[in-house]
Amino acid sequence: MSLVGVDVGGTFTDFVIVGGDGEIKTLKILTTPREPERAVVEGLSSVKFSEVLHASTIGTNALLGQVGLELPKVAFFTTRGFRDVIEIGRQNRPRLYDLYFQKPRQIVPRELRFEVDERTLPDGTVERAVDLREVEELARRAKSAGVVSVAVGFLHSYANPSNEEAAAGVLRRHFEYVTASYEAAWEAREYERFSTAVVNAALMPLVGRYLAKLDDYVKARGGRIYAMASSGGLITIDEAARRPVQLVESGPAAGVVAAAELARMLGERRVISFDMGGTTAKAGTVVDFEPAITTEYEVGGESHRGRTVKGSGYPVRFPFVDLAEVSAGGGTIIWRDAGGALRVGPLSAGAEPGPVSYGRGGSEPTITDANLILGRIPSAIAGGRMRLDVEAAERALAKLGDPVDVAASAIKLVDLEMARAIRLVTVERGLDPAQFALMAFGGAGPQHAAEVAEEMGVNRVLIPPMPGVFTSLGMLMADFKFEARMAYPRDPAAGFEELERRLARHSPDYFLRYADVRYAGQGWELTVPVGADASRDAIRKAFEERHAATYGFKLDRDVEIVTIRVFAVVKRAKPRLRDPPKSGSPEPSEKEVYFDGWTEASVYVREELPLGFEVRGPALIIEDYSTTVVPPRWRATVGKLGVLELRL
Amino acid sequence: MRWEIVHRATEYVAEEAGIALRNSAFSPNIRERMDHSVAVVDAEGRIIAQAEHIPVHLGSFHIGVANLLGRLAGEGVDLEDGDAVLTNDPYISGTHLNDVMVLYPVYWRGRLVAYIASKAHYVDAGGPLPASLNPRAKTIYEEGVVVPPVKILRRGQINREALGFILENFKTPAVARGDLEAQLAASRVGAARVRDLFEKFGDVSEQWREAVEYGRRLALAEVGKWPAGRYEAEDRLDWAGELLPIRLSLEISEGGITADFEGTARQVEAPLNAVLGVTFSAVSFAVRSAIGGHLPTNHGFYSVVKVKAPEGTLVNPVKPAAVGAGNLETSQRVADVTFLALSKALPGRIPAAGSGTMMNVMMGGVWRGRYWSYYETIGGGSGGRPNGPGVSGVHVNMTNTLNTPIEIAEREYPVRFTAYTIREGSGGRGRHPGGDGIVRAFKVLAPTTLSIIASRLEIGPWGLEGGEPGRPGRVTVRRRGGVKTIGSETVELAEGDEVVIETPGGGGYGRP
């Protein structure tokens, strides 16, 4: 059995291949953005596989206006009087002080929004049944306007979808692609539910055709293909084609899944995953081996201090692995602004042209250049195949002041930025970062991890094996996760059972239950895990504890269970990671490295380090696609599965 | 340690304290609409870093902290370690009664090194009407209860008498108590993080001074490029059939900007008066937006903006003028008039006027045996821009609060919505038309007291460069026996009455 994980990114398509013998290989191919399946097929043609696991940014790219991935004409059918709910959104502007702000481009233009006579009330009573003849007539009009895919969203359909269902039934006679809002996101709050339906409708034709091509190719080679969802679970191609909205942002989720699975193997109950690459750093939390999820997400939106900026993208109500994202990576540019301040980011030189020291035309100094001149990364990387130009990096940094001072300050600034953003999103969710270990990966993660941890009050860092490709490994470690939900259940226990019956066809190994709960009258909910006892009282108790932990108090008020959600989990066999050699006596070399002053540091080669070996900082531990920096006062120990544990 | 690092770290202190406030507060205004802010202030009272989420709080600390420290010094009150001072007096804090301000000193090694200042919008601050917004108020005493500066904490102990007084008078005491605890928690978090900074980096006053210098330098780098001179503008605020002039003479020089409001209407016997803090915030907002790009919210930026407002006017009233809506509506018009003056200095860079009203809707009554109250604001059109049309259905200028989802409002209150659409054709015509306003309409299912506080109901938002003005807003009540247009007032609704609210479109830019 051979597994292949494919991560289709905007620039590169990454492959991780795990053979039956447990050997791991990697492959990188340039993506053709308008035809993302090309790189996938090209890569697969050179390897053997039985299963292909796939993550892609095709959905996000299409919504962001990628040339060649034009969205189809989409129509929206809604309750009379509420045509523009999807345009007004939450009525806020994404940037406070920007006179030229824009709302995201409308997916459905006003002339393709059709109002229908119908009304359902909050308690589910149908006040006015939907006029199906009217729907029929409007459907014909949409068809003749060239509409390919339609969404339908009626007020209060989460309480009773019968009107919406009936309308969708009529529409299915006219269109191949129909999305009903209650199917896309069965929950209250009309704008978010309608938006999810519209995004789904926009993606269905495009993603459906793309997945069908890949499915045909893989089946013809005798294999099977599954898709990674943004919840961090795998889903079938059929499910993905029906609700493609769950594929957006599936790539970054894989990193947290990998961290969760490694945490399970190590028995680590509280982990913050920290994935720092070329342009961004992403952090997620893993408690009891399950990645934290959020249902608040905006596709194509901006983030500020690690959090999504409301109104900057298209809201999608689906479970997402909860990630805080900061514009900070190896390619992040160091500069001075008009006020003379040293600044880091948010602009990045990315992979092209990349850092100055790569010699590919980059002229602005980057974080990688700073690490290089401070001796924190070797001057030959990628297994010695690529030489970095230290002098060019130094010249570029010298334009901003004393190069060593600028480099050291820039690294402190970027570490501070990442540490504080991660700290904010954990504190915000009622978690104390001091109780967590930081699991760092991505090309640049292990260089910065110890100092980021120290800044955020964390004193343990874990570096997984092969940190440079760890995210792609995550897909191979994921389980199947199928989701269903229900709004305002009368009896939550019965509601959970009903949802589990609906998911039983997947023959799951177990179910995960969650409830979104609030105090009556509050405008927001907290998500709490629910156990076997799903009575109202048990959920209330779990909610009150979570509320007290997050916000510091409980209230003597009724609680309201707004949405319940079930994941059916089907376990898969995981690739095995090997332990390091039992013995060996690695010989370090010495190198001048800058930590608040130049100092002599030991340099080790990671694969030579035996189990239990201890490295005292200051030291560097180098490997093919990454370097772990062990600052003074820190110690690193080689643990089982080859995980490096750094302690202050 | 480099000042840039200390500066960023201090910004995050303000941000983290802000999160502590929001997370433990109970008022929906704070938790969902982010109507709060926290600042780190140095020992001299200069704002070093501030986390604010709606522009009306921008700059109100600059005035508020200075006022409060001046008042304490005048009375010979010292702040000891563990003390906290609270006030909601708008004439000190610089906004309105609902905004409760807390000032908390930070001691490090026995020395006062900083303050944490916070402000949060309480859902109610006493007075005759729900939410303490009263369209009929002639003085501040018909709006709510004024709490003068009191030590709410003395050496870490809560002042029971003061707390009891506040909770007895704010009409939702349990909520007020929660909000106050949240503010104190945020103060402690902020103070602890500031002390961490001092422990880690030593005395950082020097780095803070540099951060302030930097803010000033960055602002002046842009303002210095603007053509120096004096630019005049006038706009009007409509209230109960009157058009109150707001007149501005804006002076731009290399050293900064001075906004002089000589010639503005006298203060009125209505809640429309904007205390100086609000006026300063609105001017700062417009200047900051015109500067664009990244700018730290600190004393350095504030020091570039000066406001001269004659006492006893709409933009600098004298107690006991009512001020509840000065924060909501007059602030919008002050921003508009500042933009209008700036458009003369910077032709081709400033958009036409946006809707210019928050369109505040307050409702309440007794339903199914329970008292209920509901407050919302409604966005409008933004003005046409030199490079393209305005945006439809969005909040402009001094607010950015979210709407309440219809499905949630209908579950919790006796209302049934009948429309929520873009008000087509309301944006002013122009080469680049203004954005359209919103139509939001609902029926009430039980007898209801409705109050509206709004402006731009009589004259629409102005256009620029030959663009036409946007359509003014309109509030209509449809009841048995007729249709009636209402203004900023309180009316009684019967079951089944329908209210249709149309908000203004933005002005157009350039000849159509």
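**Notebook: helix packing, sheets and contacts**

I started with two helices of chain A. A:Asp415, A:Leu416, A:Met418 and A:Ala419 of helix 12 of chain A meet A:His448, A:Glu451, A:Val452 and A:Glu455 of helix 13 of chain A. I sorted the residues of this contact by type and got four nonpolar, one polar and three charged. The model is predicted, and I keep that in mind for every entry.

Next I looked up the geometry of this pair. Helix 12 of chain A covers residues 403–428 and helix 13 of chain A covers residues 445–455; they pack at an angle of about 55°, and their axes are 8 Å apart. Helix 12 of chain A is therefore oblique to helix 13 of chain A. I noted the crossing of helix 12 and helix 13 of chain A as right-handed.

**Helix 1 and helix 7, chain A**

I then turned to helix 1 (residues 37–45) and helix 7 (residues 190–220) of chain A. They pack at an angle of about 15°, with 10 Å between their axes. Because of that angle, helix 1 of chain A is roughly parallel to helix 7 of chain A. I found a right-handed crossing for helix 1 and helix 7 of chain A. Helix 1 of chain A brings A:Glu37, A:Val40 and A:Val41 to the contact, and helix 7 of chain A brings A:Tyr210, A:Lys213, A:Leu214 and A:Tyr217. By type, I have five nonpolar, no polar and two charged residues in the contact of helix 1 with helix 7 of chain A.

**Seven-stranded sheet, chain B**

I moved to chain B and traced an open sheet of seven strands. The order is 2-1-5-4-3-6-7 (chain B), with antiparallel pairing. I marked strand 2 (47–52) and strand 7 (157–158) of chain B as the edge strands, since each pairs on one side only. Inside the order I checked strand 4 (residues 99–108) and strand 5 (residues 111–121) of chain B, which run antiparallel and are joined by ten bridges. I looked up B:Val102 and found it opposite B:Ser118 in strand 5 of chain B.

**Five-stranded sheet, chain B**

I traced another open sheet, of five strands, in the order 14-15-20-17-18 (chain B); its pairing is antiparallel. Strand 14 (415–423) and strand 18 (482–486) of chain B are its edges, each pairing on one side only. I counted five bridges between strand 17 (residues 474–479) and strand 18 of chain B, an antiparallel pair. I followed one of the partners: B:Val475 bridges to B:Ile486 in strand 18 of chain B.

**Domains of chain B**

I have domain 1 (3–216) and domain 2 (351–512) in chain B. Their centres, taken over C-alpha atoms, are 32 Å apart. Twelve residues of domain 1 of chain B are in contact with 16 residues of domain 2 of chain B. The domain 1 side of this contact has eight nonpolar, no polar and four charged residues.

**Chain B against chain A**

47 residues of chain B are in contact with 48 residues of chain A. Elements of chain B that give two or more residues include helix 6 (173–201), helix 8 (276–291) and strand 14. Helix 1 of chain B gives the most, with ten residues.

Technical notes
Residues numbered from 1 in each chain as written. Chains lettered and ligands numbered in written order. Predicted model: local features only at pLDDT ≥ 70, side-chain atom pairs only at ≥ 80, totals over all residues. Axes fitted to C-alpha atoms, helices over the stretch in contact; angles between N-to-C directions. Helix = DSSP H or I, 4+ residues; strand = E, 2+ residues; numbered from the N terminus. Parallel < 35°, antiparallel > 145°, perpendicular 65-115°, else oblique. Left-handed = near helix turned anticlockwise from the far one by under 90°. Contact = placed C-beta atoms within 7 Å. Nonpolar A, V, L, I, M, F, W, Y, C, P; charged D, E, K, R; others polar. Pairing = 2+ DSSP bridges. Domains from an automatic or database assignment.
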